[in-house]
Amino acid sequence: MTRDYAVFPNDATGDVLWGMSQQGDDLEQAREVEFAFLFASEENALKFGELLLFNRQKVMLSDNEDSAEYPYEILVSVSLVPHYQDIIDYQALLMEHAAPLQGLSDGWCSQVQH
């Protein structure tokens, strides 16, 4: 199968979705997608998490042992069909709220669905 760059653009998100499709993933099936955000302070991570909880999002706070500079991680889980634009748009919306708290996006992930 040849990669359709209109469906799977040439960037990190497009690459992941293309890889998922090559593993036989049914990308039309809704599933939990996790978005990770890193924070330098626990206070800012908690503020971000609180905002998400008020908006009925699934949130988990954990330690990020990979970085001394950004030791707090918030994982946001949302159910969606993993289409490129939906992932990009949701990640951008989360970033709008994380940026004022000095939060950094650390990507997204999802389990392959067959």
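Hi everyone, let's begin with helix H1: what covers its buried residues includes strand E1 (31-39), helix H3 and strand E4 (104-110). Contact here means heavy atoms within 4.5 Å, and buried means under 20% relative accessible area, with exposed over 50% and partly exposed in between (1.4 Å probe, protein chains only). Helices (H or I, at least four residues) and strands (E, at least two) are DSSP runs, numbered from the N terminus.

A quick word on the source. This is a predicted model, where local features need pLDDT of at least 70, side-chain atom pairs count only at pLDDT 80 or more, and totals for chains, interfaces and linings use all residues. Residues are numbered from 1 along each chain as its sequence is written, and side-chain values use heavy atoms, leaving out hydrogens and water.

So which residues of H1 are buried? They are Thr-13, Gly-14, Leu-17, Trp-18, Met-20 and Ser-21. Because they cover an arc of only 160° around the axis, they sit on the same side of H1; the arc is that of the directions from the helix axis to the C-beta atoms.

Now to the helix pair. The axes of H1 (residues 12-22) and H3 (residues 84-98) come within 10 Å and cross at roughly 135°. That makes H1 oblique to H3. For the cut-offs, angles under 35 degrees count as roughly parallel, over 145 as roughly antiparallel, 65 to 115 as roughly perpendicular and the rest as oblique. From H1, the contact is made by Thr-13, Gly-14 and Leu-17, and from H3 by Tyr-84, Ile-87, Ile-88 and Gln-91. By class, the contact of H1 with H3 has four nonpolar, three polar and no charged residues.

Arg-56 is not a glycine, yet has a positive phi of about 65°. Arg-56 lies in the loop between helix H2 (42-54) and strand E2 (58-63), and is exposed, at a relative accessible area of 71%. Gln-102, also not a glycine, has a positive phi near 60°. Its place is the loop between H3 and E4, and at 49% relative accessibility Gln-102 counts as partly exposed.

Last stop, Leu-104 in strand E4. Is Leu-104 partly exposed or buried? Partly exposed, with a relative accessible area of 36%. Leaving aside neighbours within four places in sequence, Leu-104 is in contact with Ala-36, Phe-37, Leu-38, Tyr-70 and Met-95. The C-alpha atoms of Leu-104 and Tyr-70 are separated by 8.7 Å, with the two residues 34 apart along the chain.

Definitions and conventions:
Axes fitted to C-alpha atoms, helices over the stretch in contact; angles between N-to-C directions. Nonpolar A, V, L, I, M, F, W, Y, C, P; charged D, E, K, R; others polar.
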